[in-house]
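Thanks, everyone. I will go through one model today, part by part. Please have a look at it before I start.

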Amino acid sequence: MLLRGIAGLIATLVLWTAIVFIFQVPSFLLPGPMEVLNRLVFLFENAKLLRHIGVTLTEIVAGFVLGTVIGILAGVVFARLPRVERFATPLILLLQTAPKIAIAPLLLLWLGIGPTPKIVLIAIVTFFPVMSGMVTGLRYGEGSFRDLAAVLKLSPWQSFWHIELPSALPAVLAGMAVATTLAMTAAVIGELMGANEGIGYLLSSGQENSDTSVVIGMVLLLSLIGWAFYEIIELIRRRSLGRFQLS
Amino acid sequence: MEFLVSQSERMIDIAGVHKTFVADHGTVTALEPVSITIKEGEFISIVGPSGCGKSTLLRLISGLDQASGGSIKLDVSGRKRPVGFVFQEPVLLPWKTIIDNVRFPLDTSGVSRAQGDKTALDLIKMVGLAGFEKALPRQLSGGMRQRAAIARALSDDPPILLMDEPFSAVDLLTRDNLNDELLRIWQSTGKTILLVTHSVEEAAYLADRVMVMTARPGKLKCIHNVELPRPRGEETKLDPAYHALVAQLRRDLRTPAGEAH
Amino acid sequence: MEFLVSQSERMIDIAGVHKTFVADHGTVTALEPVSITIKEGEFISIVGPSGCGKSTLLRLISGLDQASGGSIKLDVSGRKRPVGFVFQEPVLLPWKTIIDNVRFPLDTSGVSRAQGDKTALDLIKMVGLAGFEKALPRQLSGGMRQRAAIARALSDDPPILLMDEPFSAVDLLTRDNLNDELLRIWQSTGKTILLVTHSVEEAAYLADRVMVMTARPGKLKCIHNVELPRPRGEETKLDPAYHALVAQLRRDLRTPAGEAH
Amino acid sequence: MSGRFSAAVDYTLALAVLLFAWWFATGPMGLPTYLLPSPLRTWNALVTIALTGELWRHLGFTLQNIVLGLILGCIAGIAIAYVMTRFPKLAVWLDGPLVILQTAPKIALAPLFIVWFGFGVLSKIVLIFSLVFFPVFVGAVAGFRALDPKMKDLSKLLGLSSIQRFRQIELPAAMPEIFVGLKIGAVQALVGAVLAEWMSGKVGLGYLMTFASATYKTPLLFAAVLLTVVLGLLLHVALTILERRLLSWKGAARG
Amino acid sequence: ADKVVMQIDGAAAPFYAPLYAGVENGIFEKNGIEVEFIYAAAADILTNIAAGNVDFGFPNGDAVVAAAANGLPVKVVHTTYQRGIGALLAKADSGITGYKDLKGKKIAVTSLASPNYLQLQVGLKLAGLSLDDVSVEVVQTGAIVQSLQAGQVDAIVFSELRKYNLEADGTKITMVLSNDFLPSFGNVVVTNAAKLSENPDLVKRFTTAVTQSYEWVIDGHVNEALDIALDKYAPTWPKDQKGILTTAFEQTFVPTVWQSPLTKEKGLGAADFAGWQKNADILAEYKVIDEAPKAEDFVVDPSTIGQ
Ligand SMILES: Nc1ncnc2c1ncn2[C@@H]1O[C@H](COP(=O)(O)OP(=O)(O)OP(=O)(O)O)[C@@H](O)[C@H]1O
Ligand SMILES: Nc1ncnc2c1ncn2[C@@H]1O[C@H](COP(=O)(O)OP(=O)(O)OP(=O)(O)O)[C@@H](O)[C@H]1O
Ligand SMILES: [Mg+2]
Ligand SMILES: [Mg+2]
């Protein structure tokens, strides 16, 4: 799967080069792959690129895990208690729709400068898709399993662990896949609101400098990280569902 | 019909229970008021035309659904899981193997894995699924799935067992065997069993009492005491009293003319 | 057993068909090589213990699964939908009402809505679901769902009808009625029908030939010609030949000792 | 009906609590206006632009973009998900590039979108579309994949044409998962619309926000934020009602 | 040493070389200060200063005026850039040489609330034109330069600094400095009003360090400072732009941006109260802010800190 994904990636690169070459796209609009690669190598040699990647990766992983765990738990609560869900919905939508840039100073005020506000931001955007997936998975899941749990008088934890989580897993994983893409965006925003390291920071310096190669290069790095996340989720999906996916 | 059972002997007390479903296409009276007292250790069979409320009654007793009126009392003080339920369609967790499915009630009630495996393997053997312990439900035939569900319902030894057409998808021979196994288990454990079936032979062969229901609206038509001696076996099936009862049940089901035509 | 059927009469030609499933817990031979030729308009019943490959055989004939070997030929030149299938578990579209489900094969083959409604309503009435046209599948009892599935399989009048334990979840009376309806339809339309059942009475009552299968590994044990006169009805059930056949089928199923125990 | 009514009550109640917390933060807790303006000042800012009629222009523009982007993203998401589940070979090739394209942070690409697609509505719709597409796509893929094999048997047996199969079986069966994607997509559409206007343009709620933010008109900023949230809430409620109607056959568990 | 956080406009860039060099040369340390630089947009910086999230900011002067007008408790403690660096930029081959040539053209600014937009309005007015004679597009920082390069607009009103980027890319640029007709200030050091009154000593030491850092560069260390910046602080910047940057520093920043007649007299960072006041008044006149704040209320001359 990974191999084939890489094949697709190479195809994209070829297409990209072709577009740049055929249409003679100037590099301030869309630099070619080689140009971007050169800039990446340059950054690697001069700008401690790896350290920046490490910083961002740490933030993403921490935020993603936090958001996923809270999302799953909230999903369970919301699916069981629709009133709580309705009650929380406006707040959640507030957090999701309010432009992060607008609330950034507040986040800094409450959480201080450093990785925390970034992690929280990533957790916030991760939370929503995971929670939605969980709620749907539980709400529209097989009714007969609910009967079984009721007859066996399973504790909330037992029915969550043995019945609800497995049956909601496809929807939750779909939510997590969506969350990966949002997490990448949040990582950038988080670093835009005040940072001096990380991929998002390098990206904003590229923007400030109208250096499209750096922008595209950083976008590409983030995409690759996102893709890696996505593949991990796919792996979990295939591992866990392959057994009972009936097709 | 016994109306005088000592308080302690009463296991299930159903008084004026009825159920109406409200659906888009109108309300459906699934069950008109039913009253019956079931003693501890009794074996009750329920027969009746399709759609007469048999499953509904079992669901009400198990507490899965709420009655529209009337009261149901179970005398199962202290038991965490008073009822075992064999659903009309086998409800197996598709992501668990057969042995995991059968052991599931034990796993979730704190029984040790080793103990659970032992019980589960015995039951799997009993229902004729030896060799399929590690199979997933989708790899079994319809009848095999149903048998796995039966094994699961028995695994944690509930005092009350509700079985909704448990043997409808298995062949005659297996069915006979399972009937005898069920009787054996019932006799050795003293469970209270309610079994829904479309086979009047099965109903008569197994039960202490047979409830006959009628359709549209579903209601309890009559209850037959089965006076056949215990333990039952091949001789029972030769007993003229047995055949008389079967014939009587057939007649009961035939009049008033059933709903299908 | 007939081996000489004119080419044009052959409807289904099964030669050395077998099926093996590969699963995590090992390979399962669901079906050892089976050969049989079924004539147009024949009514075949299939009986056999649970897990002997009956459903597998039907799925192979319908083309839903691929055989591991052997060949299956259907003489249904030009028919877009050669087979109707009543699955062992009722497969209804949960978002459609009963009438929409029954009309579904018609809707998707370009029959006008009015014509479709008429056919569907007739069939719904025939299977005893009048009044539930607008109900959703989940609002029906198990037996009612099964009957809806039967109605759907009949609605677009396929030349071959494969029925996997269609009546297992309905009561005796309904079952008898449906048996007679099925015979009526069969006689008037000349369908070729394969019906899997656990009821040897039903198998004998309906069929021209009864296939008896054995379990583990599943294989065709023998085929009985049913020489009972047509049309069949209440008299058939009094015919000693019928009872002899039923008894014979029972014996066939009993030896070799079934798998459950 | 009574369910819907009680839902409205819950939403109102929640908003009231939110309002109280907000009031509390700005009043007794004493957060200054430039960090968080009081509800009253925000309301006044809102009323002011509503009275000048400016509000409706901005709101209308944003709403139009959201709806357009949402519809387009939805159609494309479902269509491509379907094609990819039907032709797994294709998925092998498309999966990698699609995911890469999607995980590319839009906020970083948004400025380039403007350069690529111009200042007009097009670049905005493209941005919204790109944000809506993926959630719907992933949801739809999950939905199509989870199709009950018995349903597959049925459609094979009836020899359904691709269109029949899609319309009658696959789409309705995938609806629950599609709705997960759709709900996230709706929120993303909102985020995208604001982001696009933040990046360029002279109308829209997003523009209003940049303007307010650059001039420290924090009450106006929060008024615009609040409007987006209300818009989000309305979209959410609309989708929930639609979901309830389309998925009533599922007999969703209610607590 | 006191640990402080300074939030700088935009991202790390060689233009901030004096600050970086100051750190590397131990100038800040000598003043008992350990500084960490982080980056954000100007408006965010001022909000963060007001909220106390960061200790010092280095935003654009116009942003400070707007913030002060809206009641944010911020104080300019070091008018580092003595003039504005806003400018009208157009491609040399477009034939645009000044505002008078803009009739019928398309011009991009970053926001209708930005000082660029104000500069455009005033520039047009002085050239006898009005907004009706041109079409204005709003394009964010991240795209505005490219939109000029791509020919989507004929001119942009933005920062003088971008001229160097564009020329590095090989585009010849015509530039009209806005400061010539509209006095304003580029990057200035800002702190919270409360911090200033509670801890004037720290602020004093900080501004002293800033002054000393800039002095070192002005005293003939442009080359070293740029090396430090390009190597350690703005490594994303292409190294081959050093030549252009050196020219920019030597011909523009050192003589006319960081230094002015006022600084000759009162030292670097001196507050030109009249200039600030004029800046504020014009912002108010053009309705960018509701009411002009008093320059004395938000600007402090570094020499008076702590007295
Ligand atoms: N969830 C429901 N909503 C609406 N009506 C229902 C629902 N469940 C059952 N019913 C109706 O209640 C009646 C009794 O159903 P029930 O399942 O108890 O029948 P049954 O006796 O078990 O039939 P069968 O032998 O076919 O399983 C039926 O008419 C059915 O349509
Ligand atoms: N998908 C599958 N994967 C693995 N094994 C399978 C699969 N489907 C069926 N089998 C095996 O094939 C054998 C025959 O199954 P089949 O469903 O044909 O039995 P059947 O005769 O219909 O039984 P029943 O009367 O219980 O429905 C069984 O042993 C079953 O375990
Ligand atoms: Mg039932
Ligand atoms: Mg079968």
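Helices (H or I, at least four residues) and strands (E, at least two) are DSSP runs, and they are numbered from the N terminus. On that basis, B:Arg103 sits in helix H2 of chain B.

Some housekeeping. This is a predicted model, where local features need pLDDT of at least 70 and side-chain atom pairs count only at pLDDT 80 or more, while totals for chains, interfaces and linings use all residues. Residues are numbered from 1 along each chain as its sequence is written, chains are lettered from A and ligands numbered from 1 in the order in which they are written, and side-chain values use heavy atoms, with hydrogens and water left out.

Back to B:Arg103. Is B:Arg103 buried or exposed? B:Arg103 has a relative accessible area of 3%, and it counts as buried because the term covers anything under 20% relative accessible area, with exposed meaning over 50% and partly exposed in between (1.4 Å probe, protein chains only). Contact here means heavy atoms within 4.5 Å. Not counting residues up to four places away in sequence, B:Arg103 touches B:Arg113, B:Gly116, B:Asp117 and B:Ala120. With B:Asp117 there is also a polar contact between the side chains, at 2.7 Å. A polar contact is a pair of N or O atoms within 3.5 Å; within protein, one must be able to donate a hydrogen and the other to accept it, and residues adjacent in sequence count only if both atoms are side-chain atoms.

Next, the domains of chain B. The bounds come from an automatic or database domain assignment: domain 1 is 10–82 + 158–254, and domain 2 is 91–157. The contact between them takes 20 residues from domain 1 of chain B and 13 residues from domain 2 of chain B. Their C-alpha centres lie 24 Å apart.

How much area do domain 1 of chain B and domain 2 of chain B bury between them? The value is about 1200 Å², 60% of it on carbon and sulfur atoms. Buried area is the accessible area (1.4 Å probe) that two parts lose on being put together, summed over both. On the domain 1 side of chain B, B:Arg81, B:Pro158 and B:Leu178 supply 37% of the area buried against domain 2 of chain B, more than any other three residues.

The rule finds two salt bridges across this domain interface, a salt bridge being a side-chain nitrogen of Lys or Arg within 4 Å of a carboxyl oxygen of Asp or Glu. The side chains of B:Lys191 and B:Asp157 form a salt bridge at 2.4 Å, N to O. Between the two domains of chain B, eight residue pairs are in polar contact. Strand S6 (160–164) and helix H5 (172–189) of chain B each supply at least two residues of the domain 1 side, and H5(B) gives the most, with six residues.

Now the metal sites. The magnesium ion (ligand 3) is coordinated by B:Ser55 (OG) and B:Gln88 (OE1), at 1.9 to 2.1 Å. These two are 33 residues apart, B:Ser55 in helix H1 (residues 54–62) of chain B and B:Gln88 in the loop between strand S5 (83–86) and helix H2 (98–107) of chain B. Donors are N, O and S atoms within 2.8 Å of the metal (3.2 Å for Na, K and Ca), and water is not among the atoms, so sites may look incomplete. B:Gln88 is buried, at a relative accessible area of 16%.

Last, the chain interfaces. Which chains share the most contacts, of the six pairs of chains in contact? They are chains A and D. There, 65 residues of chain D are in contact with 67 residues of chain A, and about 5800 Å² is buried between the two chains, 76% of it on carbon and sulfur atoms. In chain D, D:Ile100, D:Thr103 and D:Ile107 lose the most area to chain A, together 10% of what that side buries. The count between chain D and chain A is three salt bridges. A:Glu234 and D:Arg145 meet in a salt bridge of 3.7 Å, N to O.

Chain D and chain C bury about 1900 Å² between them. By contrast, no contact joins chain B and chain D, whose closest C-alpha atoms lie 10 Å apart.
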